[in-house]
Amino acid sequence: MDTKKLINQYGIYTFDKRKMKERLPSQTYLNYINHLDKNENLSNEDIKIIAEEMKKWAIELGATHYTHWFSSLNGMCAEKHIAFLEPRGIEIDYKFNEEALLKGESDASSFPNGGLRSPYKARGYTLWDSSSISFVKDGTLYIPSLFYSYTGESLDYKSHLIKSNEILNDKIIELYKLFDIKINKVDSYVGVEQEYFLVKEESFIKRTDLKLINKTLFGSLSSKTQENTYHYFSPLEKNIRDFMKELDTTLWKYGIPSKIKHNEAAPNQFEIVCVYRKVKTTCDNNLLLMQLIDEIAKKHHLRCILNEKPFKGVNGSGKHNNWSLITDEGRNLFKPSGDILNDLPFLSLLGCLIKGIDEYNDLLKLSISSFSNEFRLGGNEAPPLVMSLCLGDSLNQVIDVILENKDKVELQDIDLERNRTSPFAFLGNRFEFRGVGSSFSLALVNTILNSILSYEVDKFIKEVRNGEIPLNVIKKYIETHKRVIFEGDGYSSFWKEESLKRGLDQKDLFYSILSLLDEKKVKPLLEQNIFSKEEISSLFCVLSEKYYSDFILETKVFIGILNKEIFPFLISYINQLISTYLNLVECNCDNKELKKIIDKFNNLLEIIIVKKDNIEKIVNQIDNSKETIIEKIKKYKDEVLSEMDKLREIVDNIEDSIDKNKWPLLSYTDLLFSL
């Protein structure tokens, strides 16, 4: 591609600052910039001008509709398309004014709301997020927006992300004032590594489980899986290169700076990495990226799978959330100076983060909690369920100097070695949180990271203002909370035992949802007014209900495949064997071994039926009980999941003994090695 053309097309579908500067009156543009940088209000006249120019620009790109684009509490994007065209008497005109830009209305009762809205109080409102970039896609102008209820509660995660970023900005500025360092503005920045699987479309549609829940519930392991990770960084197949080329080109047109692409460790698994940007922009970009991967994959007769653990026995998929703090002058506050032992601002942030991760470990786990992500964590290339912090040899040497009151010693350069078994690792200028699920929105996880840090920074500031020496406070924080620091192999049996000794939380992700019921555990969210009590209650309801509904859906699909695909096949197969056996008997060729095989399959069919019926019985008892949703989930986890695992093992073993061309479910070999 012509490099000049490539550069000229970058961001062509976005109404970004460059377009606004070209099209808006200079004073309106200046007012908009001051609105972003100095929090100054935009006048109605400025909004009217922006709306008119945005409409003209969108129509030039072929837009016929507009939509307020937002992410609801289920993490999925929502959009209602409204035509610009509007009759005016006998004339037809394009209508899009400042009111249409600013606000919209949607049916709030149809979205997850956790009890914030009654079904008969359906109104929900969208509000233009003026700091996000609008774009045109498939003939529609997309206006990034916030979603809130009639009474003002947030019905999305982005609203909380914005609040957390603003509070973090204020607290960091205040912290640096303690050290006579002036900072005008700071934002959390995030770079995300997005993992995903691709399978052939013709293979995907042959699997009921993939079509319904983006995950395989049955399937015997292929004789080759990911031994020695041969797939990792290997050359891309041509059809994948073609897909990725179109994906990159499309992303660039939307101003999404995709930078790296490669094969991941598992077969048919891939990764795309985008350049660091402000957290809210990265959040928007990643939501659009996931949508575009799915759409462009279909154009290439592929299907994208974003489920966190779609194939048993091989890697799951996550997104690595690389988080840092950067000032408006481009200074990275997570990058220590050369004289690190005297870099008190950095050491203060480090001490606050260590303290926050220890004290609010539940919140950290909450941010990555989902039914599907539990299947991924703890496996190869995924961090363990125990939340710990890896700092690297250099920072640990610094900590030793601080804790042991040693004289200054010559330190190594800050190392960038990555501990892939650590859920939260320092990488020289950022912290990489590896626990985030591949299908997740980035909003909640970064809201919680921002909130924990700002809350602890506020405590630090108060201690120093009360007369404490900063280095002594840093030392106290590290000494009290160093149990979360671990540099070793997070997969090892040693860490399982050691983390127990240290008293670190070992429980599944699901139990972190219960932390929302304890006000002490959600202080960073409540006391900083990032969430109200009602919104915390809503978050608990939404997350627990989603967990429960995902569990139920998986169970229904599991039973459905048994009833409609596995049973009919086994009955037919046994009948064929019986017919063959009777023919042999009729020909005086009695085959005792074949009789044993028939008996074996007949016994297995009976076992499967009994186990399946038992699962259905337990599920019905749980669903019809008057227990709380939490009690129901616990019973599901304790009683249903293990039974499903046992039944799957039986079915997968049967698959191993059947001609693959006869087995009703497409095999793992065909799914994972046919691109």
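Two strands pair if DSSP finds at least two bridges between them. Helices (H or I, at least four residues) and strands (E, at least two) are DSSP runs, numbered from the N terminus. The model described here is predicted: local features need pLDDT of at least 70, side-chain atom pairs count only at pLDDT 80 or more, and totals for chains, interfaces and linings use all residues. Residues are numbered from 1 along each chain as its sequence is written, and side-chain values use heavy atoms, with hydrogens and water left out.

Strand 12 (residues 258-263) and strand 13 (residues 269-274) illustrate pairing. They run in the antiparallel sense, joined over 5 bridges. Asn 263 stands opposite Phe 270 in strand 13. Together, strand 12 and strand 13 form a hairpin, with 5 residues between them. In the turn, Asn 268 has a positive phi of about 70°.

The protein chain as a whole contains 22 helices and 19 strands. Its C-alpha atoms fill a box of roughly 100 × 85 × 60 Å, taken along the principal axes. The radius of gyration is taken over C-alpha atoms, and the globule rule is 2.2 Å times the number of residues to the power 0.38. For 675 residues, a compact globule would have a value near 26 Å; the protein chain has 28 Å, which agrees.

Buried means under 20% relative accessible area, exposed over 50%, and partly exposed in between (1.4 Å probe, protein chains only). Of the 675 residues in the protein chain, 56% are buried. Accessible areas come from the Shrake-Rupley method with a 1.4 Å probe; for residues, only the protein chains shown count as cover. The protein chain exposes about 30100 Å², and carbon and sulfur atoms supply 50% of this area. Contact means heavy atoms within 4.5 Å. Among contacts with a separation of 6 or more, 74% join residues 24 or more positions apart.

A nonpolar core is a set of buried Ala, Val, Leu, Ile, Met, Phe, Trp, Tyr and Cys residues joined through side-chain atoms within 4.5 Å. The largest such core has 133 residues. Ile 172, Leu 349, Leu 391, Phe 431 and Leu 453 touch the most other members. Helix 19 (residues 533-586) supplies the largest share of this core, 22 residues. A second, separate core of 27 residues includes Tyr 196, Phe 243, Ile 296 and Ala 297.

Beyond its neighbours within four places in sequence, Ile 172 is in contact with Ile 183, Val 186, Leu 325, Leu 333, Leu 349 and Val 457. Helix 6 (residues 158-178) has 21 residues. The expected span of a helix is 1.5 Å times one less than its number of residues. Helix 6 reaches 31 Å from its first C-alpha to its last, close to the 30 Å expected. Helix 6 is mostly covered, with 15 of its 21 residues buried. Just after helix 6, Asp 180 takes a positive phi of about 60°.

Helix 3 (residues 26-38) has 13 residues and should span 18 Å; its end C-alpha atoms are 17 Å apart, which agrees. Its buried residues include Thr 28, Tyr 29, Tyr 32 and Ile 33. The buried residues of helix 3 pack against helix 2 (17-23) and helix 4 (44-60). Asn 39 follows helix 3, with a positive phi near 65°.

Tyr 455 lies in helix 15 (residues 443-465). Tyr 455 is buried, because its relative accessible area is 6%. Leaving aside neighbours within four places in sequence, Tyr 455 is in contact with Tyr 360, Lys 523, Pro 524, Glu 527 and Gln 528.
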